[in-house]
Amino acid sequence: VSLADAIAATLPELRAHAESRMATPCAAKVATGVSSDDDGNDVVTYSAPVYDGPCRIRNRGNATGREVESGSQAVAITVVEWHIPIGSPVVPVGAVVFIDNIARYRITQPADGDDMTARRYPVERVE
């Protein structure tokens with residue numbers, strides 16, 4: 001049995017395990033426009049969900065070991081990922097993840113990779 005065959009045989013079980021950890025209902029939507037309210041605050045409008053289902057947010061901490069300069073000190077880069085089932089449609093970069101109908105995270109990069117157990121999108125917090 002080749003390594004590729006062993007991986008292929010194990011993937012369904014690993015994917016099922018990954019999906020069992022996705023317990024948070026969420027939706028991803030794409031911004032369709034921005035307007036202003038009476039106080040001059042931005043009001044963003046969104047598309048219908050491009051993804052609606054279970055998810056998981058994972059904070060990997062400083063998994064990259066990278067730091068950036070901020071003022072006079074080095075700050076560790078924190079990696080946060082949004083996980084959805086592998087069979088889900090591809091969600092575009094820039095889409096916003098809603099949890100409990102509140103915008104929480106923006107997708108910053110595609111979910112690249114082969115033989116994955118979940119689609120893992122790097123995200124940043126929406127303020």
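**Reading the terms**

Guide: Keep in mind that this is a predicted model. For a compact globule of 127 residues, the radius of gyration would be near 14 Å, but this chain has 18 Å. Its C-alpha atoms fill a box of roughly 65 × 45 × 20 Å along the principal axes.

Visitor: How many helices and strands does the chain have?
Guide: There is 1 helix, and there are 10 strands. Starting at the N terminus, the order is α-β-β-β-β-β-β-β-β-β-β.

Visitor: Why is aspartate 42 called exposed?
Guide: Its relative accessibility is 61%. Exposed means over 50%, so aspartate 42 counts as exposed. This residue lies in strand β3, residues 42-46. Asp42 also belongs to a negative surface patch, together with Asp37, Asp38 and Asp39.

Visitor: What makes glutamate 124 and arginine 106 a salt bridge?
Guide: Their closest N and O atoms are 3.2 Å apart. The cut-off is within 4 Å, so the pair qualifies. The pair links distant parts of the chain, 18 residues apart. Glutamate 124 is in strand β10, and arginine 106 is in strand β9. A search of the whole structure finds 1 salt bridge.

Visitor: Why is glutamate 124 called partly exposed?
Guide: The range lies between 20% and 50%. Glutamate 124 has 37%, so it counts as partly exposed.

Visitor: And what makes arginine 106 partly exposed?
Guide: Its relative accessible area is 31%, so arginine 106 is partly exposed too.

Visitor: What share of the residues is buried?
Guide: Buried residues make up 28% of the 127 in the chain.

Note on methods. Residues numbered from 1 in each chain as written. Predicted model: local features only at pLDDT ≥ 70, side-chain atom pairs only at ≥ 80, totals over all residues. Heavy atoms only, no water. Patch = residues over 30% accessible without salt bridge, like charges linked within 9 Å, V, L, I, M, F, W, Y side chains within 5 Å. Areas by Shrake-Rupley, 256 points an atom, 1.4 Å probe, with all protein chains shown as cover. Salt bridge = Lys/Arg side-chain N within 4 Å of Asp/Glu carboxyl O. Lys, Arg positive; Asp, Glu negative; His and termini not counted. Charge placed at Lys NZ, Arg CZ, Asp CG, Glu CD. Helix = DSSP H or I, 4+ residues; strand = E, 2+ residues; numbered from the N terminus. Buried < 20%, exposed > 50% of the residue type's maximum accessible area, 1.4 Å probe, protein only. Rg over C-alpha atoms; globule rule 2.2 N^0.38 Å.
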